[in-house]
Amino acid sequence: MYLDSGVSTAVKILVVGHFGVGKTTCIGSISEIEPLRTEEEITEASIGFDDLSGTPDKTTTTVAMDFGRLTISDEVVLYLFGTPGQERFKEMWEELSRGALGALVLVDPERLSDSFPVLDLVERFGLTYAIGVNHFDGTTTYPLSEVREALNLSAETPVVTCDVRDQRSAAQALITLVNHLLSLID
């Protein structure tokens, strides 16, 4: 990601996480363009496949991808691709990961065990990542050091708290990832 003066650099970033963690909301809250969404109603066909226990009010789900764009400077434009959170859509991840420089991995601290398959995929596809601990209303806020330990993350992996409904908070999580990517270049 070498930047020439006056030339914008397009950076492909994945926004990933388990089912119902806030990927679509994140892209929707920060995209400077109308986001592309491929959400469909959750139907009885998802019974036995989608665990709604952590998100009982969820009525739609992403079936292909979300897409948005965020300009973070005169030189850098992020193209954001949100992946489906269900295991049955993991083939889509392989396609979306091609050409991506990194991933923002959203986690729900109340459902950290759901994050391990996501982290496995991110690592399998060789993506550099940062963790965004999405804070939901009415949930306990855990120290980031405890989240890091529970997810068995290296000390170099950035971990930040965010509220993906809030544009500034979601953008800061992405900026943390971009700064991490830039630190690896130097």
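## Salt bridges

Glu95 and Arg98 form a salt bridge, with their closest N and O atoms 2.8 Å apart. The term requires a side-chain nitrogen of Lys or Arg within 4 Å of a carboxyl oxygen of Asp or Glu. This is a predicted model: local features need pLDDT of at least 70, side-chain atom pairs count only at pLDDT 80 or more, and totals for chains, interfaces and linings use all residues. Residues are numbered from 1 along each chain as its sequence is written, and side-chain values use heavy atoms, leaving out hydrogens and water.

Glu95 is partly exposed, at a relative accessible area of 47%. Arg98 is partly exposed too, at 48%. Here buried means under 20% relative accessible area, exposed means over 50%, and partly exposed lies in between (1.4 Å probe, protein chains only).

By the salt-bridge rule the count is 6. One of them joins the side chains of Glu32 and Arg69, at 2.8 Å from N to O. Glu32 sits in the loop between helix H1 (23-30) and strand S2 (39-41), and Arg69 in strand S4 (residues 66-71), so this pair ties together parts 37 residues apart in sequence. Helices (H or I, at least four residues) and strands (E, at least two) are DSSP runs, numbered from the N terminus. Glu32 is partly exposed at 40% relative accessibility. Arg69 is partly exposed at 28%.

## A buried pair and a network

Asp108 and Arg111 also meet in a salt bridge, at 2.9 Å from N to O. Asp108 is buried, with a relative accessible area of 5%. Arg111 counts as buried at 11%. Elsewhere, salt bridges with shared partners join Glu94, Glu95 and Arg98 into one network.

## Strand S6

In strand S6 (residues 102-107), 6 of the 6 residues are buried, so the strand is largely enclosed by the rest of the structure. Both faces are covered. Gly102, Leu104 and Leu106 are buried on one side, and Ala103, Val105 and Val107 on the other. In a regular strand the side chains alternate between the two faces of the sheet.

## Partners of S6

Strand S1 (residues 9-17) pairs with S6 in the parallel sense over 5 bridges. Pairing requires at least two DSSP bridges between two strands. Val16 stands opposite Val105 in S6.

Strand S7 (residues 128-134) runs parallel to S6, joined by 6 bridges. Leu106 stands opposite Gly132 in S7. From S6 the chain crosses through helix H3 (residues 116-124) to S7, in a right-handed β-α-β crossover. Right-handed means that, with the strands pointing away from the viewer, the path from the first strand over the helix to the second runs clockwise.
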